[in-house]
Amino acid sequence: MSDKEFPSHARVVIVGGGVMGVGLAYHLAHEGWGPDTVLLEKAELTSGSTWHAAGQITHSTSSFSLGKCVDYNIGLYSGGLEAETGQAVTWHGCGSFRLAYTEDEMDWLRHTLSVGRSLGFNIELVGPSRIAELHPFYNLDGVLGALHTPDDGHVDPTNVTMAMAAGARAKGARIIRRCRATNITQAKSGEWVVETEQGTITCEHVVNAGGTYARQMGEWSGLQLPMTSMTHHYFVTDEVPEFRDLDRELPVIRDDRKVSGYIRMEQKKGLIGIYEKANPNTVWEDHCPWEAENELFAADYDRVMPWLEETLNRMPIFAELGISRDVHGAISHPPDGNPLIGPAPGVRNYWCCCGTQIGIGWGPGLTRELARWMVRGAADISMRDYDPRRFGSYANKDWQVVKAKEDYCLRHEIPFPHFNRLAGRPIKPSPLFDSLKSKGAVFEEVYGFERPRWFAKGIEQRDHYAFRRTPVDDMVAAEVKAVRERVGIMDVTAFTKVLVEGPDAYALLDRLTANRMPQKVGSITLTHMLNRRGRIELETTIVRMAEDKFYLVCAAFFEQRLLDHLAAHRNSADVTVRALSDTWGALSLNGPKSRDVLGACTEARLDNAAFRWLSAQEIDIAGHKVWAFRMSYAGELGWELHMPFGAMSDVYAALWAAGEAHGIADYGSFAMNVMRMEKGFKGAGELTNEVTLAEADVLRFARTDKDYLGRDKTLSSDLPWVCAYLEIEPDGEIDGHGGEAVMLDGAVVGSTASIAYGHTVGMILAFAYIKPHAATPGTALDVVIHGKPRSARVLSEPAYDPQSLLPRTDSVVEAAE
């Protein structure tokens, strides 16, 4: 085929020529797929959102995974890309400051500093005098300090994209401009057919990198890809006289409180970017016009004026200058602010590379991970926050718009731990929602479901945000105490619930699970599903409900991932897979009095002889058939009770009435997390696509006498890191939030994955991925929490009930003995 001949086939077709699409072509080429990759762009490269980006990038991020991407991107921009391709990218390594005016903002910066230390960033917390030294023109009234990241800067978006395009072409990738895709459909063979203005291409993999067109492109293939186009302003001033004789470029200023945006030099001019905190503007809610090219909108000064005026107060040297250029362009905003990077839900080999509101800052690193995912079978950072399958069918267009507006307004707000985004809710309330709300429940949204976080007792029924302890911690402590000493009940309807049945159901699940499958009807197994790199796809509990019927339970946000994983590896028509999550609910009953409470509501025998640990039975409660699983994520005597929605209210009422004599209490996910940390149970923060079973230290759940997907790779002895269980010295005020640096003899050896204060044991507990030589039980470590080291020690067993006697107890007397 000649270079000008339109291709009829390719392994990969990428639709969209902005920084995301071109970045993916570049990284696929580096993975060896260059000659098999074709990129289509309807106009010229970068003619969508990329060309009008301001181009800043910063190490100031509290996200461990994004931090890895940002660090890679800065290295690429500051030398690697230009050295490889010979094409200038116009990197300005001026550094940056993120300012703080309040103690909450200072706490945010201290936490970010801890995460940055774990990633090896050049990062420091400085006072106003250091800010003034490096940026003498900024009005620092009220500023308490700033995070200084000297290696930050900004880059020309077009030059970066063109350089990556050159790098992709050099390794064989084909880029076709002025070629609009008009449809994407899947053939019966499973291949994708991409129709364009110039012809049709059939391919194995198709990638939606359509930017503001991505949602409507998804609709061609019957996909609902949640994102909304929001407009953002930045302004360029006239030339600034004070800049003319500077011998260096001033650092970028990120002022989240006063400016709600950023200020930097643009050659000898000033550049002001604003994310207004009111009246956010959507465009193209139904359809982005295909004729749009280098599209900008008229500036809406009324909308941004309060923040623009404050900018002139903060930078007095701008006050008498005019605006030489205004840029008001559209950017994609997903409902939660994170991009859509990974497989589209419900189909094979359709990949999303879109919904990215900060393409220059995040793009190359994320597209490198997507390329690895496509070629190798898994990315090298956790992709949970970016996986397009984290949204379900509830994410309709109206809801998307509501959530995108919310996200825009939060763009320059403090990202408090557990920040609860309330717009557009409730969207999937459980049958107990109203009842639990009336009892003080504060809910969180999990895959659309409303799950109780904690219950307000004598304080305002809302979340209390801080990087330090709040009154909520006292409520959580009370809930933990109730479960540990009496009995607690929790609505766990948000769990994913999937039924796999048919003559070949056992064989399918056996091929995909590392542990031994449940052998007897009524038996339960905890196991993991892996990908072909031996990395963890998800953890699931499997209950054998009949000879050819299996009930799978896992975390809510893994529902579509589980369904897709089963579909991808199913090779028999004799298996039926059904998601029951929208019609079945669940309750968790835990604590030393749980047998007494449940026994008062059913005639079923509940002693060990009749109802053993890790077994399941169908029992009657309040006139309803309920599947009871004897298992406990809290580490106590307990049961999970699964039932149709119609039974939920009656069963809950019966259990509550029976439990009142025993001091029954409602509890939520915050208490559940504390108890699983006390028991040393790993969760979604530890069991990610980054790690094998050996690295996660869960090989006890893997068999060596059976074959399963990823077996040989997960059993490899090559361990660059291992998940260790730590106890950390508490200070009574700040407990950490994950991503903190772990140090041995002054050197960083890893970072925390999950961290929480164990109210029962009186210590901070954490899981941390650290170098194997530092993970020996008893090893003394330091964990940097809020910028300060805390003494820590590697534990060899759970902090609470290390022998796991309590869940198996046959009576209260036995437990006491």
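How many nonpolar, polar and charged residues make up the lining of the largest cavity? The lining divides into three nonpolar, seven polar and two charged residues, where Ala, Val, Leu, Ile, Met, Phe, Trp, Tyr, Cys and Pro count as nonpolar, Asp, Glu, Lys and Arg as charged, and the others, Gly among them, as polar.

This is a predicted model, in which local features need pLDDT of at least 70 and side-chain atom pairs count only at pLDDT 80 or more, while totals for chains, interfaces and linings use all residues. Residues are numbered from 1 along each chain as its sequence is written, and side-chain values use heavy atoms, with hydrogens and water left out.

**View 1. The largest cavity holds about 80 Å³ of space.** A cavity here is a set of points, on a 1 Å grid over the protein atoms alone, where a 1.4 Å probe fits but cannot get out; lining residues have an atom within 4 Å of a point. Volumes are the space filled by probe spheres set on the points, which are joined across faces, edges and corners. There are five cavities of 30 Å³ or more by this rule. Around the largest one, look for Gly211, Thr212, Arg215, Gln216, Met227, Thr228, Ser229, Trp284, Asp286, His287, Cys288 and Ser332. Helix α6 (214–220) and strand β13 (228–239) each give two or more residues to this lining; helices (H or I, at least four residues) and strands (E, at least two) are DSSP runs, numbered from the N terminus.

**View 2. The second largest cavity has a volume of about 50 Å³.** Its lining is formed by Trp373, Ala378, Ala379, Met383, Asn531, Glu537, Arg561 and Asn689. By class, that gives four nonpolar, two polar and two charged residues. Arg561 also belongs to the buried part of α13, the helix of the next view.

**View 3. Helix α13 is largely enclosed by the rest of the structure, because eight of its eleven residues are buried.** Buried means under 20% relative accessible area, exposed over 50%, and partly exposed in between (1.4 Å probe, protein chains only). The buried residues are Glu559, Gln560, Arg561, Leu562, Leu563, Asp564, His565 and Leu566. They pack against several elements, including α12, β24 (496–501) and β28 (576–579).

**View 4. Helices α12 (505–512) and α13 (559–569) pack at an angle of about 105°, with axes 10 Å apart.** Axes are lines fitted to C-alpha atoms, for helices over the stretch in contact, and angles run from 0 to 180 degrees between N-to-C directions. The pair is therefore roughly perpendicular, a term for angles of 65 to 115 degrees. Leu508, Leu509, Arg511 and Leu512 of α12 meet His565, Leu566 and His569 of α13, with contact meaning heavy atoms within 4.5 Å. The residues of this contact divide into four nonpolar, two polar and one charged.

**View 5. The second largest pocket holds about 650 Å³ of space.** Unlike a cavity, a pocket is an open set with protein on both sides within 12 Å along at least five of seven lines. Of its 25 lining residues, Arg348, Asn349, Trp351, Ala568 and His569 are closest to the centre. α13 gives the most to the lining, with eight residues.

**View 6. Histidine 135 sits in the loop between α4 (128–134) and β7 (145–149).** Histidine 135 is buried, with a relative accessible area of 3%. Beyond neighbours within four places in sequence, histidine 135 is in contact with Leu250, Pro251, Ile253 and Met315.

Technical notes:
Angles under 35 degrees count as roughly parallel, over 145 as roughly antiparallel, 65 to 115 as roughly perpendicular and the rest as oblique.
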